[in-house]
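Please look over the sequence and the model shown here before reading on. The briefing is meant for a reader who is meeting this structure for the first time.

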Amino acid sequence: LGIWHRAHGDAVKQWIENHERVLKQVSDGGMAIDLSADLTAGHERLGSDIDDAIANHPAPQMRAQLSALVLASRNTIDSLRRSNWTNAEKEHIAYLEYRDIWLDRLRQFTTAESQVKDLRSIGANATTPGWLDRDDSPPG
């Protein structure tokens, strides 16, 4: 697993960081942002690296969990783009579960203290995203 983490751990970290950035952008900017370009650019840029990381993971269960993390993050963005708040919330919750699993795994294979602190900060903000707290949300 160490060889895989050295080769692909950064791709997983970058994917999670990008997704967190997009969710913050949606929470901060609401629907005033361009939902097609602004939300998908990072996922498109990082897509081949994360897909390669999934394909090359040596453990089938971990490969499936990483695939689920990526799928849930892509589905969250797709649901937000379609203003399907109910589905976005379900996908976001699934994403969070897999994100936490993968952050723990990344921490296990990270030795530099600055990188460990960086990984700890990724999920430290437990506030509900603004787009989840919508009383005026249309039904899913």
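What follows describes a pair of packed helices, the loop between them and some salt bridges.

This is a predicted model, in which local features need pLDDT of at least 70 and side-chain atom pairs count only at pLDDT 80 or more, while totals for chains, interfaces and linings use all residues. Residues are numbered from 1 along each chain as its sequence is written, and side-chain values use heavy atoms, with hydrogens and water left out.

**Helices α3 and α4**

- Helix α3 covers residues 60-81 and helix α4 covers residues 85-108; helices here are DSSP runs (H or I, at least four residues), numbered from the N terminus.
- Two packed helices are described by the angle between their axes and the distance between the axes.
- The axes of α3 and α4 come within 8 Å and cross at roughly 145°, where axes are lines fitted to C-alpha atoms over the stretch in contact and angles run from 0 to 180 degrees between N-to-C directions.
- The crossing of α3 and α4 is left-handed, a term used if the near helix is turned anticlockwise from the far one by less than a right angle.
- Residues that make this contact (heavy atoms within 4.5 Å) include M62, L66, L69 and S79 of α3 and W85, A88, Y95 and R99 of α4.
- Sorted by class, the contact of α3 with α4 has 13 nonpolar, 7 polar and 3 charged residues; Ala, Val, Leu, Ile, Met, Phe, Trp, Tyr, Cys and Pro count as nonpolar, Asp, Glu, Lys and Arg as charged, and the others, Gly among them, as polar.

- With 22 residues, α3 reaches 31 Å from its first C-alpha to its last, close to the 32 Å expected at 1.5 Å a residue, the expected span being 1.5 Å times one less than the number of residues.
- Among the buried residues of α3 are Q65, L66, V70, I77 and L80; buried means under 20% relative accessible area, exposed over 50%, and partly exposed in between, for a 1.4 Å probe and protein chains only.
- S79 lies in helix α3 and is buried, with a relative accessible area of 0%, and its contacts are N84, N87 and A88 when residues up to four places away in sequence are not counted.
- In the loop between α3 and α4 is S83, which has a phi near 55°, a positive value in a residue other than glycine, and which counts as partly exposed at 29% relative accessibility.

**Salt bridges**

- Side chains of opposite charge can pair when their charged atoms come close.
- The model has a count of 6 salt bridges, each being a side-chain nitrogen of Lys or Arg within 4 Å of a carboxyl oxygen of Asp or Glu.
- One of them joins R99 and E20 (2.9 Å, N to O), and this pair links distant parts of the chain, since R99 is in helix α4 and E20 in helix α1 (residues 2-29), 79 residues apart.
- R99 is buried, at 7% relative accessible area, whereas E20 counts as partly exposed at 23%.
- D100 also forms a salt bridge with R99, with the closest N and O atoms 3.0 Å apart, and D100 counts as partly exposed at 38% relative accessibility.
- Salt bridges that share partners join E20, R99 and D100 into one network.
- A further salt bridge pairs D78 with R82, whose closest N and O atoms are 3.1 Å apart; D78 is partly exposed at 33%, and R82 is partly exposed at 48%.

Note on methods:
Helices (H or I, at least four residues) and strands (E, at least two) are DSSP runs, numbered from the N terminus.
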